[in-house]
Structures are given as C-alpha cells and as structure tokens.
Amino acid sequence: MQPPNVWQAMARPGYLMSAWPWRSAVYLLTGVVTGVVVFVGIVASVVVGGVLALVLVGLPLLLCTVLAGIPVAAVERHRLRLVDPDPAPAQHGTPGEPGLRAWLTTRLRERATWRELGHALLFAGVLWPVDALALSVALLCPLSVALTPLLMATVGDGQEAKVLKLWTVTGWPAAFGFAACGLGLLALGAYLLGVAAGARAGLARLLIAPREADLGARVVELARSRVRLVDAFEAERRRIERDLHDGAQQRLVALTMTLGLARLDAPPGPLADQLAKAHEEAGTALAELRELIHGIHPKVLADYGLEAAVADAADRSAVPVDVDLELPGRLSQAVEAAAYFVVCEALANVGRHSGASRAEVSGGLSDGRLVLRIRDDGCGGARAGQGSGLTGLADRVSVLDGRLSLSSPLGGPTLLRVEIPCAPAS
C-alpha cells in the first residue's frame with residue numbers, strides 16, 4: 001500500500017528503491033526556485049511601492065505585497081502533494097457581497113491572510129536557502145563523490161580528479177573507492193532528503209493549514225455523531241410506537257369489547273349506567289392512545305413513506321390542503337420523520353392561526369436535497385418565537401443540516417420552505 005507521506009515511507013524497507021527520495025528532492029528543488037522568485041518579487045514590490053507611495057501610486061503595489069502570501073500559499077499547497085498528499089485546504093471565507101472592495105475587506109480581516117503573508121516572508125528570507133543547503137549536502141555532494149571516476153576520465157584526462165575541491169585523486173583504485181563511498185553517501189542522503197522535505201512540509205502545513213483544519217475534522221465527526229444520535233432516537237421512537245400499538249392498544253381494545261358485552265348483559269339500573277360510563281371512558285382512552293401513537297411515529301409513514309404520510313396529514317387537516325409531492329422512492333428514516341413532523345406542525349399552525357381557506361404542500365428532491373414548500377392564503381404575519389413552534393421546527397431540521405425559511409408578510413400569503421440534505425434509502 002502506498003505510504004501516506006514521506007515520514008511513513010522512510011519507516012518502510014523499500015524507501016531507497018521508491019520514488020519518495022526523488023519526490024523529496026523535487027520538493028526541495030522547486031522550493032529553491034519558488035523561494036528565489038518570491039524573494040525577488042517581494043523585494044521589488046516593497047522598494048518600488050515605497051518609492052511611489054509618495055505620490056500614492058505605490059499604495060496599490062504595497063497592498064499587493066500584503067496579499068502576496070495568498071498565491072504563494074496556493075503554490076505551496078500544490079507542492080506539498082509531492083511529500084504529503086493529504087490536502088491542506090485554504091482557510092479563506094467567501095465575501096458576503098460581490099466586487100473587489102468586498103473581497104479585499106474580507107481578505108484583510110482574515111487571520112489566514114496574515115499567516116500566509118508570514119509564510120511568504122519566511123519562505124523568501126529563510127526557507128529557500130535551507131532547501132538549497134539540504135539539497136547540496138544530501139544530493140549534490142554525494143553525487144559529485146560518486147562520479148569521481150567519470151570526472152577523472154573526462155576532466156582529468158585519466159590522470160587526476162578533484163573531489164569536492166578538497167581531495168586530489170591520482171589513481172583509479174582511489175577513484176573507484178571514492179565512488180563506492182559516494183554511493184553510500186547517496187543512500188544516507190536519500191534519508192536526509194526525506195527528513196528535510198518532511199520537516200519543511202510540516203512547517204509549511206502549520207503556517208498555511210493550521211489548527212482550523214483539525215477543527216474541521218472534529219466538526220465532521222461531530223456531525224456524523226449527531227446523525228447517529230438522530231437515527232438512534234428515531235429507532236427508539238419506532239420501538240415505543242410498536243410497543244404501544246401491539247401491547248397497550250390491544251389490551252384497551254379487548255377491555256372496550258369486554259365492557260361493551262357486559263353492558264348488553266347487564267339489567268337496567270345503576271350497574272348498567274356504571275358499565276356504560278366505563279365503556280365510554282375506555283373508548284376515549286383508546287382514541288387518545290391511537291392519537292398518541294400516530295404522533296410518535298405514524299404507521300402510514302413507516303409502511304408507505306413520506307408521500308402517503310403527507311397525504312394522510314392533509315386529509316386530517318382542518319383546512320383543505322392540496323398535495324403535490326413527487327419523490328423517487330423512500331428516503332432515510334430520519335429525513336422522512338423530520339419532514340413529516342414539519343408538515344404536520346405547519347398545517348396545525350395554518351389551522352390555528354392563519355385564517356386560511358386553503359393550503360398547499362409541494363416539493364421533491366433537487367440536487368440531493370429534499371425541498372418542501374408549505375403555502376397558505378391566510379392573513380400572514382407569522383413570526384418565530386411567538387408560540388408558533390417555528391423555532392422548534394428549525395431546530396429539528398438543523399439537526400440534519402437542513403434549513404428552514406419563512407416568508408409571511410402581513411396580509412399573506414405565508415410560505416414555509418424546508419431543505420434537508422438526503423439521498424434515497426438503499
């Protein structure tokens with residue numbers, strides 16, 4: 001299996017025969033080239049901008065110097081793939097408005113911009129000379145020693161050769177001895193290249209992809225944990241609904257039937273009156289239990305899906321409701337439950353507060369999201385936080401990373417729009 005980065009590659013036996021030493025060398029070499037370009041660019045920009053700042057022409061050039069870290073960091077992210085393919089995402093936000101002014105304002109207020117400027121200055125002043133030194137010590141010097149016989153045969157006319165301008169070789173046995181020593185140094189240098197490239201990449205990642213990246217990974221894990229909790233909660237709701245339906249409800253049905261038969265057999269009098277009253281109370285309790293079961297998790301939703309459940313809720317609404325819901329199939333249980341209860345609560349609000357003569361529920365799947373629209377022709381003026389239950393609906397939808405928006409001007413109409421990320425159930 002391919003090692004994830006140069007550090008783990010060095011811990012494996014086949015490192016010397018792999019591409020990782022060469023990738024490390026290319027990373028350091030491109031660092032030298034890029035660093036020289038950045039150094040020249042920053043120095044020229046600062047000098048020219050400082051001179052022209054007296055007539056205000058150089059101010060935009062100085063501003064470009066401040067923002068120079070952004071493209072340098074972008075180049076560094078591409079270079080990091082040579083030794084550490086794990087992505088280093090940019091930490092810049094999206095401007096709230098279009099236009100250059102909004103973009104500049106956003107960038108200048110971000111910490112990421114200033115961190116990347118610091119990285120660019122460090123790159124231009126310190127890092128590329130270090131890259132050049134590491135490349136020379138770990139690759140060029142051992143390679144020069146390993147090529148001693150070739151130097152002696154070409155430059156030295158077979159008589160002598162200078163090794164690193166420190167030693168003079170005058171015989172072939174000594175030349176081949178230096179060559180063997182150079183090959184050993186190349187093997188050691190391959191590991192030095194890996195260490196230098198790995199440390200250099202770690203420092204760059206620290207500057208251009210700091211702790212926020214780890215925070216993002218934690219946020220992703222928290223989101224997954226939240227989805228698991230929602231699924232567990234919905235499973236518990238279904239278990240309670242099933243237990244009530246198959247247990248307590250059946251016992252109440254049997255009790256109601258028994259009381260009904262007892263009423264038929266009892267002679268007229270006080271006992272018959274008490275049995276009639278008990279029979280009516282048992283019927284009321286059974287009706288309330290059925291309503292409770294339906295509120296926990298309606299059987300029509302579990303058996304037939306969201307379309308049928310919404311149609312059933314529309315039939316039971318106090319206001320006539322038109323349903324235009326088109327779905328390709330069943331959705332995940334958590335999404336179906338959340339969408340159904342949002343529709344039920346919205347229709348209940350329509351019946352209680354809007355004074356509408358008609359309502360409509362429409363929607364479907366669009367770009368991997370379930371979109372629902374609940375519209376009524378009532379008086380409008382609905383607001384969250386005024387006993388309407390809209391805050392609870394928004395919280396329920398946000399658990400699934402969904403969004404809820406409301407448009408309800410005075411005089412109507414009212415439109416409640418819900419979007420929930422989802423996919424068809426497998």
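Predicted model: local features only at pLDDT ≥ 70, side-chain atom pairs only at ≥ 80, totals over all residues.
Residues are numbered from 1 along each chain as its sequence is written, and side-chain values use heavy atoms, with hydrogens and water left out.

Helices (DSSP runs of H or I, at least four residues) and strands (DSSP runs of E, at least two) are numbered from the N terminus. Two packed helices are described by the angle between their axes and the distance between the axes. For helix H13 (residues 333-354) and helix H14 (residues 390-398), the axes come within 10 Å and cross at roughly 170°. Here axes are lines fitted to C-alpha atoms, for helices over the stretch in contact, and angles between N-to-C directions run from 0 to 180 degrees. H13 and H14 are therefore roughly antiparallel, the term for angles over 145 degrees. Contact (heavy atoms within 4.5 Å) is made by Ala337, Ala338, Phe341, Val342, Glu345 and Asn349 of H13 and by Leu390, Leu393, Arg396 and Val397 of H14. These residues comprise seven nonpolar, one polar and two charged; Ala, Val, Leu, Ile, Met, Phe, Trp, Tyr, Cys and Pro count as nonpolar, Asp, Glu, Lys and Arg as charged, and the others, Gly among them, as polar.

Burial was assigned from relative accessible area (buried under 20%, exposed over 50%, partly exposed in between; 1.4 Å probe, protein chains only). In helix H12 (residues 306-315), the buried residues are Leu306, Ala309, Val310, Ala313 and Ala314. Viewed down the axis of H12, they fall within an arc of 140° and so line one face of the helix; the arc is that of the directions from the helix axis to the C-beta atoms. The elements covering these buried residues include helix H11 (299-304), strand S3 (321-326), H13, strand S4 (359-366) and strand S5 (369-376).

His119 lies in helix H6 (residues 111-146) and is buried, at 0% relative accessibility. Apart from neighbours within four places in sequence, His119 is in contact with Val72, Glu76, Ala204, Leu207 and Ile208. Val36, in helix H2 (residues 20-52), is partly exposed, with a relative accessible area of 35%. Val36 and Phe123 are separated by 87 residues in sequence and by 9.0 Å in space, C-alpha to C-alpha.

The structure holds zero disulfides (pairs of cysteine sulfur atoms within 2.5 Å). Cys141 is partly exposed at 33% relative accessible area, and Cys181 is partly exposed at 43%.

Terms used
Parallel < 35°, antiparallel > 145°, perpendicular 65-115°, else oblique.
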